[in-house]
Amino acid sequence: MKKIKLLQAALITGALLLAGCTNHVTQADKYSGFLGDYSNLKEKKLPSGTPVLRWIDPSFKASNYSYLMYEPIKFYPEPQPTAQISKETLQGVLDYANSRMKPAMAEHLQLTDHAGPRTLIFKGAITGVNTSAEGLQFYEVIPVALVIAGTETATGHRTRDTEVYFEGELIDASTGKSVFKVVRKGFGKQVSNDTQKVTANDLKVVVDGLANDTKLFQAN
């Protein structure tokens, strides 16, 4: 009986460790290079509860700007479709991102098609779309569970997270200098294994969260 209780305790501990092991912010090895300099990024929890990495120029004042030049979000680098994530899915996510983000940003500033005075230029990129089963290393404290998890992963039956990585910045059109940078990792719907097709609909929740947080943005 004592051994059973010890095993149950170990299983609970392992489950808690696993639940906390997924990285909810982008790690440095996932930076795409789109933003150039990532050295000043700091973790920030948004009002929605979403953690992001971001930097705002200390001298930035929203009142100094009246217009926004929106450059469509693009892929950076150009993604390679896989058996699980098709070209159609990737394009669907990109199209949806632009359809949600442009009006979200227009709630803050009037849109313009040229970079004039009192104008911010928005540049953004989807820098990664993938699935992952992170954190299996924590099962190493439970040998039996390690065997089960390893078998599930090897046979492709383990549930996988879907992830979308985004990087964006705002540039002062008059100076050409960046005044705001953000790096964000979002989670879509889970898929049951490494062969289940990921659809654009599975990932729309990531874009919706990004657009909603953009509407609520405050420079503080």
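Select Ser132 and Glu163. Their side chains are joined by a polar contact of 2.7 Å. A polar contact here is a pair of N or O atoms within 3.5 Å; within protein, one must be able to donate a hydrogen and the other to accept it, and residues adjacent in sequence count only if both atoms are side-chain atoms. Ser132 is part of strand E6. Ser132 has 11% relative accessibility, so Ser132 counts as buried. Buried means under 20% relative accessible area, exposed over 50%, partly exposed in between (1.4 Å probe, protein chains only). Helices (H or I, at least four residues) and strands (E, at least two) are DSSP runs, numbered from the N terminus.

This is a predicted model: local features need pLDDT of at least 70, side-chain atom pairs count only at pLDDT 80 or more, and totals for chains, interfaces and linings use all residues. Residues are numbered from 1 along each chain as its sequence is written, and side-chain values use heavy atoms, with hydrogens and water left out.

**Aromatic rings**

The structure has 5 aromatic pairs. Select Tyr31 and Tyr38, a stacked pair at 4.3 Å centre to centre with 5° between the planes. Rings of Phe, Tyr and Trp (its six-membered ring) pair if their centres lie within 6.5 Å; planes under 30 degrees apart count as stacked, over 60 as edge-to-face and the rest as tilted. Tyr31 is partly exposed at 26% relative accessibility. Tyr38 is buried at 13%.

Next, select Tyr70 and Phe122. Their ring centres are 5.1 Å apart and their planes at 20°, so this pair is stacked too. Tyr70 lies in strand E3 (residues 67-70) and Phe122 in strand E6 (residues 119-132), so the pair ties together parts 52 residues apart in sequence. Both Tyr70 and Phe122 are buried.

Now show Lys204 and Tyr96. The charged end of Lys204 sits over the ring of Tyr96, 4.8 Å from its centre. The cut-offs: NZ of Lys or CZ of Arg within 6 Å of the ring centre and within 35 degrees of the ring normal.

**The largest pocket**

Select His108, Phe180, Thr214, Phe217 and Gln218. Of the 31 residues lining the largest pocket, these lie nearest its centre. A pocket, on a 1 Å grid over the protein atoms alone, is an open set of points where a 1.4 Å probe fits, with protein on both sides within 12 Å along at least five of seven lines; lining residues have an atom within 4 Å of a point. Colour strand E7 (161-172). E7 gives the largest share of the lining, 4 residues.
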